[in-house]
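Please look over the structure shown here. A short report follows it.

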Amino acid sequence: MHRTAQHPLIHRDTRAWRFQVWASFGIASSLCASGLVWLPGDDLDRAFMVMGYVFCLSSAFALAKFVRDNEGRRVDTPMWQLVVWSGFALAMSLTGWGLWRMGIQPVWKAYLLVSWLFLISTVFTLAKMLRDAHEADLLEARHVGHNHPARESE
C-alpha cells in the first residue's frame, strides 16, 4: 500500500505582486524624500517633517504587526496595545499638525500630504506581504518536515 502525502494549500504571492509592492514602497519613499529635500522653508520645519515621517513609518509597521499577531486571539498585553495604537495616532497627528502649520504654498502641502499617505498605505501592504511570505515559509517547512522520509519510518 502506498502512502500518499497530503499537500496543504500554501498561498504564495506572485512575483509580479511582490515587485509591485516593493516598487510602490520605493516610489513612495522616494517621493517623500524628494519632497523633504526640496521643501522650501525653515530647516527646523524640514527636520520636524523628517522625524514625523520616520515616526509614522515605524509606528505603521508596529501597528501592522500588532494587528496581525492578534488576529486570531490576543497575544499581546493591553498596555502594548495602548502603546502601539497611541504611537501610531500620535505619529500621524503630530506629522499632520506639522504639515498643516507650515508656512509653505498649498501645492507643497498637497505634495507632502499625498506622498506621506502613499507611504503609510504601502507600509501596510508591504508588512502584509512579508508576513504572508513568512507564514507560507513556516507552513511549507512544517509540511516538508512532516513528510521527510526519515520521519515516515518512525
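This is a predicted model: local features need pLDDT of at least 70, side-chain atom pairs count only at pLDDT 80 or more; totals for chains, interfaces and linings use all residues.

Residues are numbered from 1 along each chain as its sequence is written, and side-chain values use heavy atoms, with hydrogens and water left out.

## Overall fold

The protein chain has five helices and zero strands. Its pattern along the sequence reads α-α-α-α-α. Helices (H or I, at least four residues) and strands (E, at least two) are DSSP runs, numbered from the N terminus.

The protein chain has 154 residues, and 29% of them count as buried. Buried means under 20% relative accessible area, exposed means over 50%, and partly exposed lies in between (1.4 Å probe, protein chains only).

Contact means heavy atoms within 4.5 Å. Take the contacts in the protein chain with a separation of 6 or more: residues 24 or more positions apart account for 78% of them.

## The core

A nonpolar core is a set of buried Ala, Val, Leu, Ile, Met, Phe, Trp, Tyr and Cys residues joined through side-chain atoms within 4.5 Å. The largest one has 26 residues. Tyr-53, Met-102, Leu-112, Trp-116 and Ile-120 have the most contacts inside it. Two or more residues of this core come from each of α1 (15–37), α2, α3 (78–101) and α4. Helix α4 gives the most, with seven residues.

What does Tyr-53 contact, leaving aside its neighbours within four places in sequence? Its partners are Cys-32, Leu-36, Thr-95, Leu-112, Ser-115 and Trp-116.

## Distant pairs

Ile-27 is found in helix α1 and is partly exposed, at 48% relative accessibility.

Ala-133 lies in helix α4. At 31% relative accessibility, Ala-133 is partly exposed. Ala-133 and Ile-10 are 123 residues apart in sequence, yet 9.8 Å apart from C-alpha to C-alpha.

Arg-12 sits in the segment before α1. Arg-12 is partly exposed, with a relative accessible area of 37%. The C-alpha atoms of Arg-12 and His-134 are separated by 10.0 Å, and the two residues are 122 apart along the chain. Not counting residues up to four places away in sequence, Arg-12 touches Ala-133, Ala-136, Asp-137 and Glu-140.

## The largest pocket

Rolling a probe the size of a water molecule over the atoms shows where empty space is left. On a 1 Å grid over the protein atoms alone, a pocket is an open set of points where a 1.4 Å probe fits, with protein on both sides within 12 Å along at least five of seven lines; lining residues have an atom within 4 Å of a point.

The largest pocket holds about 190 Å³ of space. A volume is the space filled by probe spheres set on the points, which are joined across faces, edges and corners. Phe-61, Ala-64, Lys-65, Val-67, Arg-68, Phe-124, Ala-127, Lys-128, Leu-130 and Arg-131 line this pocket. Two elements give two or more residues each to the lining: α2 (43–69) and α4 (106–146).

The lining has six nonpolar, no polar and four charged residues. Here Ala, Val, Leu, Ile, Met, Phe, Trp, Tyr, Cys and Pro count as nonpolar, Asp, Glu, Lys and Arg as charged, and the others, Gly among them, as polar.

## Salt bridges

Side chains of opposite charge can pair when their charged atoms come close. A salt bridge is a side-chain nitrogen of Lys or Arg within 4 Å of a carboxyl oxygen of Asp or Glu. By this rule there are eleven salt bridges. Among them are these:

| Pair | Closest N to O |
|---|---|
| Lys-65 and Asp-69 | 2.5 Å |
| Asp-132 and Arg-68 | 2.4 Å |

Lys-65 and Asp-69 are about one helical turn apart, because four residues separate them in helix α2. Lys-65 is partly exposed, at 48% relative accessibility, whereas Asp-69 is buried, at 18%.

The salt bridge of Asp-132 and Arg-68 links distant parts of the chain: Asp-132 is in helix α4 and Arg-68 in helix α2, 64 residues apart. Both Asp-132 and Arg-68 are buried.

Arg-131 is partly exposed, with a relative accessible area of 22%.

Through shared partners, salt bridges join Lys-65, Arg-68, Asp-69, Glu-71, Lys-128, Arg-131, Asp-132 and Glu-135 into one network.
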